[in-house]
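Subject: Structure for you to look at, with notes

Dear colleague,

Here is the structure I promised to hand over, shown just below. My notes on what was found in it follow.

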Amino acid sequence: MVRNVAIALSLSFAAAAQQPAGAPAAQPAPQPAAAAEKPAPAAEKPAPAAEKPAPAAEKPAPAAEKPAAAPATEKAPAEQAISADGKMHIDAAIAFLKAWGKGRWDEARPVAADKVSVKLGDKSYDVDVAGGKSEVKAVLPFHGLSTVREPGSGKVVGIAVSELAVKTDGAEKRGKARLTTEDKDGQVRVTAVELE
């Protein structure tokens with residue numbers, strides 16, 4: 001009996017040491033002593049680590065499951081950091097850039113103005129979304145989208161892209177870009193693209 005308690009305590013400390021520092025310790029309510037003496041399969045129900053005398057073969061299964069659960073908990077705060085307003089603007093920018101780059105004008109119409117002005121340095125071009133024509137084309141992939149907000153109000157006015165390539169008559173220009181967006185009646189549309 002004392003040996004079983006000693007093994008259970010050492011396993012509980014080993015399990016606690018393997019948990020990431022930011023991960024909450026998820027332990028169910030304590031079970032009666034009679035139930036603690038019967039080892040349960042790890043996949044069926046987790047028992048409190050202090051009361052569970054488990055064979056060594058059953059212990060690796062919960063440890064293997066914890067790393068898979070940790071990334072899901074890490075993503076939750078990142079998703080909460082983007083407001084619903086910012087997410088709508090980023091989604092519209094992604095949809096526009098993909099549709100523009102692939103020439104899929106039907107997919108670009110809901111998320112872009114009829115004419116989107118594109119400025120590459122000192123030259124300006126137009127993307128005729130309604131007519132399905134463009135003098136320039138976005139080259140996929142693009143990277144690093146983030147919201148641009150007005151300083152006083154915090155309202156999203158555009159999307160910054162850390163790397164975007166645009167192809168013209170044979171030349172390709174690559175660099176940071178800013179997409180200007182507008183929100184009309186809950187519908188976000190891209191109105192302009194400016195490449196640095």
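**The surroundings of Phe 96**

Leaving aside its neighbours within four places in sequence, Phe 96 is in contact with Ala 108, Val 111, Ala 112, Val 116, Val 129, Leu 179, Val 190 and Val 193, where contact means heavy atoms within 4.5 Å. Please keep in mind that this is a predicted model, in which local features need pLDDT of at least 70 and side-chain atom pairs count only at pLDDT 80 or more, whereas totals for chains, interfaces and linings use all residues. Residues are numbered from 1 along each chain as its sequence is written, and side-chain values use heavy atoms, with hydrogens and water left out.

Phe 96 is buried, with a relative accessible area of 0%; here buried means under 20% relative accessible area, exposed means over 50%, and partly exposed lies in between, with a 1.4 Å probe and protein chains only. Trp 100 is likewise buried, at 1%. The structure holds one aromatic pair, and the rings of Phe 96 and Trp 100 form it, their centres being 5.5 Å apart and their planes at 25°, so the pair is stacked. Helices (H or I, at least four residues) and strands (E, at least two) are DSSP runs, numbered from the N terminus.

H4 has 19 residues and reaches 27 Å from its first C-alpha to its last, close to the 27 Å expected at 1.5 Å a residue, the expected span being 1.5 Å times one less than the number of residues. Its buried residues include His 89, Ile 90, Leu 97 and Gly 101.

The largest nonpolar core has 30 residues, and those with the most contacts inside it are Phe 96, Trp 100, Leu 164, Leu 179 and Val 193. H4, helix H5 (105-108), strand S1 (112-120), strand S2 (123-128), strand S4 (137-149), S5, S6 and strand S7 (187-195) each supply at least two residues of this core, and the largest share, seven residues, comes from H4. A nonpolar core is a set of buried Ala, Val, Leu, Ile, Met, Phe, Trp, Tyr and Cys residues joined through side-chain atoms within 4.5 Å.

Just after H4, Gly 103 takes a positive phi of about 75°, and its place is in the loop between H4 and H5. At 37% relative accessibility, Gly 103 counts as partly exposed, and its C-alpha atom is separated by 8.8 Å from that of Ser 134, 31 residues apart along the chain.

S5 and S6 pair in the antiparallel sense over eight bridges, where two strands pair if DSSP finds at least two bridges between them. Gly 158 stands opposite Thr 180 in S6, and in the hairpin of S5 and S6, which has four residues between the strands, Gly 170 takes a positive phi near 145°. S6 and S7 also run antiparallel, joined by eight bridges, with Lys 184 opposite Gln 187 in S7. In the hairpin of S6 and S7, which has two residues between the strands, Asp 185 takes a positive phi near 55°.

**Salt bridges**

A search of the whole structure finds five salt bridges, each being a side-chain nitrogen of Lys or Arg within 4 Å of a carboxyl oxygen of Asp or Glu. One of them joins Glu 163 to Arg 174, with the closest N and O atoms 3.0 Å apart; this pair links distant parts of the chain, Glu 163 in strand S5 (residues 156-167) and Arg 174 in strand S6 (residues 172-184), eleven residues apart. Salt bridges that share partners join Glu 163, Glu 172 and Arg 174 into one network.

The side chains of Asp 106 and Arg 109 meet in another salt bridge (2.4 Å, N to O); Asp 106 counts as exposed at 64% relative accessibility, and Arg 109 as partly exposed at 32%. Arg 104 forms a salt bridge with Glu 107, the closest N and O atoms being 3.9 Å apart.

With best wishes

How values were computed:
Phe/Tyr/Trp six-rings, centres within 6.5 Å; stacked < 30°, edge-to-face > 60°.
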